[in-house]
Amino acid sequence: MSAGTEARRLARRRRAQSWRHGWREFRRNRSGMAGAVVLTLFVVMALAAPLIADADGLSVTRATGGVLESPSGAYPLGTDDNGRSVLTLLIWGSRISLLVGLLATVISILIGTTVGLLSGYFGGWPGAVLFRLTEWFLVIPFLPLAIVLATVLGRSLVNIAIVIGVTSWPGTALLIRSQTLSIKQRAYVDRSRALGGGHGHLLARHVLPNVMPLVFANTTLTVAVAILSETTLSFLGLGDPTRVSWGSMLQDAFQVGAITTGSWWFIVPPGLCVVLVVLSFTLVGQALESVLNPRLRERR
Amino acid sequence: MTGLLRIEDLSVTYRTEEGDVPAVRGVDLAVDAGEVLGIAGESGSGKSTLASTVLRLQPSSARVSGSVRVDGSDVLTMRWGELRALRWAGASIVFQGAQHSLNPVRRVGTQIAEPLRVHDPRATDDTVTSRVGELLEQVGLPAARAAAYPHQLSGGQRQRVMIAMALACRPALVLADEPTTALDVMVQAQVLALLSGLVRELGVGMVLISHDLSVLADMCDRIAVMYAGRVVEQGPAAEVFEASLHPYAGALSAAFPRVGDPAARFAPAGLPGDPPDPRYLPSGCSFAPRCSRAVDACREQVPPLEEKRPGHAAACIRVGEP
Amino acid sequence: MSLPAAADPGVGAALEPPAATGRPRGYGRYALGKVAGSLASLGFVLVVNFFLFRVLPGDPARTLGRGRFTTDEQLDAFNETYGLDQPLPQQFLTFLGNTLTGDLGVSLRYRVPVSELIWDRLWPTLMLVGTATLFAALIGIWLGVHAAWRRGGPLDRISTSASLTVYSMPEWWLGLLLIAALSVGIGPLPGLFPTGGLRSVDADPSSLAGVLDTAWHLTLPVFTLTLAYLADYALVMRSSLLDEIGEDYLTTARAKGLRDKVVRNRHAVPNALLPTTTVVALNFGFVVAGAITVETVFSIPGLGLLATEALEVPDYWVLQGVFLVASAAVIVANLAANLLYGLLDPRVRT
């Protein structure tokens, strides 16, 4: 009994140590740190939206500005076609873009990790079937499938997250599968199996903890893709029509001809925000990957 | 006299993130035309680094000092054009592991022909093709095998292709870096016999690198034994093998009674401990921690390589003592 | 000269005619396996297609004809026309038969067969994506090769960070910016390119002027897609060349006295090109998918614009047709990539 708690404490200490070590490595990665800082700023902005910008600014009927006014003291980023402040839209839009991105990622990672774990862990036909399924899903082009799904399911915030989630998991599944396959070969898994550990115990105690760091790094990369997808789907008019996101702002801008009128303030800022956030997630994800996989570190 | 290959006070240090790693430390070696010099030592003793430095093929992270002269001209300082002309035409290499040393997506004939065309731009297709066929037949392969890709050949055949390639431009010096690792014992013996036969027949000077002292004793005129980046013993082949002076050379010759036992490569029998980590070399004689004859004086100063018998030198202060 | 050659077990085998018997069988079996895999994928796509349009919506007629039917008779007529009143297995067989004979239904909006519509709209898309792929592959491979060969050098740093940035950008947003800057013009600068479409109203498509006019219209969209693909290819080429750089056969090539450039172009690049070729061919399969947004932004009447137009109606049979073609394109490109890889890599071919 005491031996058990002792071992658990040791394991916990070792895990804490490796996290600390990883953090030190991560801090040395300059682009990864830059990405982390930018992300923190955006998250703070999204959380503090009610404090920075009045939610009334989102209402079309209560808009105070003129149509497509260029930037001024009152409207630092000008106004949209309804006379709303673009800056207010941008700040509130960050909430929807980040929220949908995160929600979609959770769905994608859940499906991808489950399928990957099971197809890697169980040999024989169940594993083979899951693997085939993953490969098939990889073949289906994302955007057409997403469009079809979004049309069939209807347009709402949750639906768009589901659409992105169920179309973006195969990559994660393949990655997790190969990692699971290599962990399965390790001696301690055999030993645990010989000692009578069931499938559930092996998966939860041995395979999952070892796959987790990889899942973690992959998650940040998936968020980048998910936010990009959300923007594109919203731009095509498949987002929640009642909420403002960066993608829906660009859809608006495109539809009212902000390009021909030269209203750059309505086109540039939302896109720039998308690029910044996606790039930051990508940089953080790559930094995490290289911390977890020293062979990759040579590469970048 | 200039000699074919003269290496003087050569040191090679790899710069890595974890600090400097000295691979070769102050080595002097000489090979005359038609002579075969064997270099023996465990993995990590610096013998492969030595071979690649002769053609200035060391990685860019390596810092090199001393001099390497081939036919009197200094390889380390010569201009790129001269160096390219020297490579393969003046001195060629038979690399270890032909599996990876041949380009997997080009036919072996093309690869043998490549140096012929590079070093003789006026060569016609006909002369090149017939020379390739001649080379393949010289190493016991049918000329038609020129059309094969590396993966279609057996390990022994690939190594034969490497040898044919090394002889293509009729170099005066061939460096053979463990030419038979990863081959079956039988095939090893055949490839070695082929190599030494051709070298003698063509009058080529050769540096043969191996961890197997018995093989070197059979094939070489002289042998140099390397340990932790230094030459610790050098002399006539038979004498080094049968009447070695340095305790390490003694352990090596005791460890390899026959050709190619892969397990013995890493842990010579009767020799306790591992080769030292080159980053943290012990003071004094590097071999002292593993040496059964070491005394306090061995740990204090580095023993110089001195002639103990005519033409036979060793770096050990205990030679001649009881 | 006495050689111990005869004793080498490999040499006896070497006397046989080299691989004359092995070659066709090796590649044939490889190709056959790939074709079978593609057919299986195609089957899967058909099942997904059926599921998406007939099963998932619950009551397809109501969903598909949202707001279109005012009376029950109309609804029944619709159901009958499309066989939606039959049990699902029966429906699936009908669907399978129709699809395989090229019957993809009739567009609700244009009142013409979907297959005709798709055939007409295929060419602008192929032209746009094909040209962009070609440019992107050439420039991307060049960039990737030079970035990897001088890793950490100025070109590497610039090209890698630029690639990452473009990678993080919705390509249609890039298109919007280009239209704003180069078609509409900034301030006093006039627009240089048309804002969209495939040709001017008065252009005769069969004359040289008409062809040039189309090229003129395609410049910006092709440029946009080229940039988007370029980033991908440059990164792939870079990393596959980096995989080769440590290989021993490059040391051999250097030892032979080859110039650095020859070592790179004759030995390293051909090996590194193998994975890149696969990626390029694979990406070409995503033509339709990739063109959707760019065609929308530049209003080019291709498959992508067809899909977004169908969204507004919504024109289900058109969506289904485009989805089918888009998936089939990926499968075909996948197969082509595999077959090509087999031809280029002697380790697979022989």
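**Figure 1. Chain C of the predicted model, overall make-up.** Of the 350 residues in chain C, 49% are buried. The model is predicted. Chain C contains 15 helices and 0 strands. Its accessible surface is about 16,000 Å², and carbon and sulfur atoms account for 65% of that surface. When contacts in chain C between residues at least 6 apart in sequence are considered, 71% of them join residues at least 24 apart.

**Figure 2. Contacts between the chains.** Of the 2 pairs of chains that touch, chains A and C have the most contacts. Chain A and chain B are joined by no contact, and their closest C-alpha atoms are 11 Å apart.

**Figure 3. Helix α4 of chain B and its packing partners.** Helix α4 of chain B spans residues 108–119, and its buried residues are V108(B), G109(B), Q111(B), I112(B), A113(B), E114(B), P115(B) and L116(B). Within chain B, these buried residues pack against α5 (125–138) and α6 (155–167). They also pack against α11 (260–284) of chain C. One of the buried residues, E114(B), is taken up again in the next view.

**Figure 4. A salt bridge between chains B and C.** E114(B) pairs with K256(C) in a salt bridge, with the closest N and O atoms 3.1 Å apart. The pair crosses between chains: E114(B) is in helix α4 of chain B, while K256(C) is in the loop between α10 (248–255) and α11 of chain C. Are the two partners, E114(B) and K256(C), buried or exposed? Both E114(B) and K256(C) are buried. Through salt bridges that share partners, E114(B), K256(C) and R266(C) form one network. A search over all chains of the structure finds 21 salt bridges.

Figure 5. R132(A) and E135(A) form a salt bridge whose closest N and O atoms are 3.4 Å apart. Both residues belong to helix α5 (residues 124–139) of chain A and are 3 residues apart, about one turn of the helix. Residues three or four places apart in an α-helix point the same way, because the helix has 3.6 residues a turn. Side chains of opposite charge can pair when their charged atoms come close. E135(A) has a relative accessible area of 31% and is therefore partly exposed. R132(A), with a relative accessible area of 35%, is likewise partly exposed.

**Figure 6. A salt bridge in chain B.** R79(B) and E82(B) form a salt bridge, and their closest N and O atoms are 3.7 Å apart. R79(B) has a relative accessible area of 62%, so this residue is exposed. E82(B) is at 38% relative accessibility and so counts as partly exposed.

**Figure 7. A positive patch on the surface.** R8(A), R12(A), R15(A) and R205(A) gather on the surface as a patch of positive charge. Which element supplies the largest share of the positive patch? Helix α1 (residues 2–28) of chain A does, with 3 residues. R8(A) is placed in helix α1 of chain A. Its relative accessibility is 52%, so R8(A) counts as exposed.

Figure 8. D72(C), E73(C), D76(C) and D85(C) form a negative surface patch. One of these residues, D85(C), is placed in the loop between α4 (72–81) and α5 (88–100) of chain C.

Figure 9. L103(A), L153(A), V158(A) and I162(A) make a nonpolar surface patch of about 280 Å². L153(A) lies in helix α6 (residues 142–153) of chain A. With a relative accessible area of 37%, L153(A) is partly exposed.

**Figure 10. The covered helix α7 of chain A.** Helix α7 (residues 157–167) of chain A is mostly covered, as 8 of its 11 residues are buried. The buried residues are L157(A), N159(A), I160(A), A161(A), V163(A), I164(A), G165(A) and T167(A). Which helices do the buried residues of α7(A) pack against? They pack against α4 (86–121), α6, α8 (170–184) and α10 (199–235) of chain A.

Key: Residues are numbered from 1 along each chain as its sequence is written. Chains are lettered from A and ligands numbered from 1 in the order in which they are written. This is a predicted model: local features need pLDDT of at least 70, side-chain atom pairs count only at pLDDT 80 or more; totals for chains, interfaces and linings use all residues. Side-chain values use heavy atoms; hydrogens and water are left out. Patches are made of residues with over 30% relative accessible area and no salt bridge: like charges are joined within 9 Å, nonpolar side chains (Val, Leu, Ile, Met, Phe, Trp, Tyr) within 5 Å. Accessible areas come from the Shrake-Rupley method with a 1.4 Å probe; for residues, only the protein chains shown count as cover. A salt bridge is a side-chain nitrogen of Lys or Arg within 4 Å of a carboxyl oxygen of Asp or Glu. Lys and Arg count as positive and Asp and Glu as negative; His and the chain ends are not counted. The place of a charge is taken as NZ of Lys, CZ of Arg, CG of Asp or CD of Glu. Helices (H or I, at least four residues) and strands (E, at least two) are DSSP runs, numbered from the N terminus. Buried means under 20% relative accessible area, exposed over 50%, partly exposed in between (1.4 Å probe, protein chains only). Contact means heavy atoms within 4.5 Å.
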